[in-house]
Amino acid sequence: MVDATLRILVIDEDAVRASIIEDGLREAGYVRVSVITEMRELLRQIVQADPDVIFIDLENPNRDVLEQMFQVSRSVRRPIAMFVDRSDTASIEAAIDAGVSAYIVDGLRKERVKPILDMTISRFNAFNRLREELDRTKQALEERKVIDKAKGILMRSRGIGEEEAYALLRRTAMNESRRVADVAQSLVTAAKLLG
Amino acid sequence: MDARATADIRPGGGGREGEGREGTTVTIGFIPLLDCAILVAAAEKGFAEAEGLALALVRETSWANIRDRVALGHFDAAHMLAPLPIASTLGAGGHINAPMIAPFSLGLGGNAITLSEPLFAELEAEGATLADGPAAMAEGLAALVARRRHSGAAPLTLAMVHPFSGHNYELRYWLAAAGIDPDEDVRLVVLPPPFMVDALAEGQVDGFCVGEPWNSLAVARGVGAIVTTKSALWRQGPDKVLGLRRRYAEEHPDRLAALLRALHRAAAWAGDPGNHEALARLLATPAYLGGSAETLLRALGGRIVRRHGQARDFVPDFLVLHDHAANFPWQSHALWFYSQMVRWRQIRFDPADAETARMVYRPDLYRAALGPLGADLPNASAKVEGALRHPTPVASRSGRMILGPDGFFDGRLFDPDDLEGYLLGLGVPV
């Protein structure tokens, strides 16, 4: 049973990731979701949003700003505790592994918050996988370009065809136990040095 | 040798227990501040390797991450704010209750209080100068704070780095000594160190207490003046420690002893002024602090430019990495931090908690690891803080250890055996 009345705040400088989390929460039926991507005057923005649950990404140095909210202070309405249940180390570990930290208003019942926590963790993980995939694709593209360049150099300097040039690169890589892309990169660098 | 070569560890922490050919890997989190110097020296100058350890130094962005990753076992140990392992062990502040220990201090001093140029100009108009001691400077500030209150102006905003930091306590101590209530008369906020200088330049904060190089960077930009240093507030005051899970120490006693030996030798190297230039260059590489080696070198030598365009001041004991038993985890330091947690209502006074706090600092482990090296060790595990006005010989294994002057600027003594008396003396009910 989704508790639509909960106010959820997502703090993330990565606006794409923040909107993926926000969409996930809205799709799940949480309507009171707000997002902070601009970190100036963070504490004031948080007080204004008045959230029951806060998510912040771990790369964000502003996690330490949130630590202040644990303190009894005039500037914050309520003391806030970290995580649903301090003894629930599995959830804490899953969150940290995914790259997110959660802050929950003290006294909120575990069952109200657990589904939100789980959903956010899974969205963070999905985002991480997407980013890794994107990085791999980018890297593959870059390597493709370097290999093409290296083939071109070989074809010109040795007067061989494209297929033969690639075979030569591959054979060299195998003999030296290196990757084809690495051999290609060395060749391109060497060619640059030799003019 | 190269920390970056081994630093490629997934946040989940795979391979921490690896016993590779280059030795046992110990994963250590750090925040890019000048006083991570001993850890960097241990990893880069062969001290860890000589002990059969490969240090994987992992740069972190927040003290909260440092604490949580040590608690969850992602990191075997970390560069920690000196009060943080105590807070974590006591479960103070609503966090995971994770028993931690601090067997080694990573340095004394190293931070400072900087006020914005406009605010310092106001103080100057009232007769303050940079030559003023911390007491006079705070009195001047108190007069300004009172005037602001009467005129209905917004209270001053001062930043520090974490609620459980030496910075928080020394800033509060300094303000309170002049009658400024840090919770009522000013706004204290937390800001991550890399944002401090911009916040000061933009007028979001009127001053801050932070470790180097951030004070010097504010001065270099002409947006702030360093009005006092930790070494002036509490000479030989502790700032960062090596923090780790108590369980890790119990499960890997030999590995921890090897790490402490490596850190001891690294500290001796890093604390030697003859090595400061090499150390500054090392720390200025992008994997660690980045930025200007020149600024770091000045801070290492305590040659501080306190205001833009002025000559360097020599600040004695600005950052002590090794001398005067700087690495010894005095239990009186742990108890002083505990007293400040009580003083500022972060926790309620409880003699059992005080004892737990004392036992977070582990001189026994320090002695056991470093005794066999012939390192000189103080006989006592705690001392009356503020009692030494001059360099003083104290009882030690070799019988001739010299501790530096360690006074608080207001002359108050902290007797670790009379915590309640100390708190009552500060007007704190216990």
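This is a predicted model: local features need pLDDT of at least 70, side-chain atom pairs count only at pLDDT 80 or more; totals for chains, interfaces and linings use all residues.
The peptide bond joining B:E212 and B:P213 is cis, with omega at about 10°.

In chain B, an open sheet is formed by 5 strands in the order β8-β7-β9-β6-β10, with mixed pairing. Its edge strands are β8 (187–190) and β10 (224–229) of chain B, each of which pairs on one side only. Between neighbouring strands of this sheet the average turn is 25°, direction ignored. Helix α9 (residues 193–201) of chain B packs on the sheet, where it touches β6 (111–116), β7, β9 (207–211) and β10 of chain B. The direction of α9 makes about 155° with that of β9(B).

B:L158 has B:L188 in β8(B) as its bridge partner, while B:M160 is partnered by B:V190 in β8(B). Together with helix α8 (residues 166–177) of chain B, the strands β7(B) and β8(B) make a right-handed β-α-β unit.

Elsewhere in chain B, helix α2 (residues 37–44) packs against helix α14 (residues 276–283) at an angle of about 90°, and the axes of these helices are 10 Å apart. Since angles of 65 to 115 degrees count as roughly perpendicular, α2(B) is therefore roughly perpendicular to α14(B). On the α2(B) side the contact is made by B:A37, B:V40, B:A41 and B:E44, and on the α14(B) side by B:L279, B:L282 and B:L283. The residues of this contact of α2(B) with α14(B) comprise 6 nonpolar, no polar and 1 charged.

Over residues 127–188 of chain A the chain is 89% helix and 0% strand. The end C-alpha atoms of this stretch are 35 Å apart.

Helix α6 (residues 162–175) of chain A packs with helix α7 (residues 180–194) of chain A at an angle of about 110°, their axes lying 8 Å apart. This angle makes α6(A) roughly perpendicular to α7(A). The contact brings A:L169, A:R170, A:T172 and A:A173 in α6(A) together with A:V180, A:V183 and A:A184 in α7(A). By class, the residues of the contact of α6(A) with α7(A) are 5 nonpolar, 1 polar and 1 charged. The loop between α6 and α7 of chain A includes A:S177. Although A:S177 is not a glycine, its phi is positive, at about 50°.

Conventions:
Residues are numbered from 1 along each chain as its sequence is written. Chains are lettered from A and ligands numbered from 1 in the order in which they are written. Axes are lines fitted to C-alpha atoms, for helices over the stretch in contact, and angles run from 0 to 180 degrees between N-to-C directions. Helices (H or I, at least four residues) and strands (E, at least two) are DSSP runs, numbered from the N terminus. Angles under 35 degrees count as roughly parallel, over 145 as roughly antiparallel, 65 to 115 as roughly perpendicular and the rest as oblique. Two residues are in contact if their C-beta atoms, placed from the backbone, lie within 7 Å. Ala, Val, Leu, Ile, Met, Phe, Trp, Tyr, Cys and Pro count as nonpolar, Asp, Glu, Lys and Arg as charged, and the others, Gly among them, as polar. Two strands pair if DSSP finds at least two bridges between them. A crossover is right-handed if, with the strands pointing away from the viewer, the path from the first strand over the helix to the second runs clockwise.
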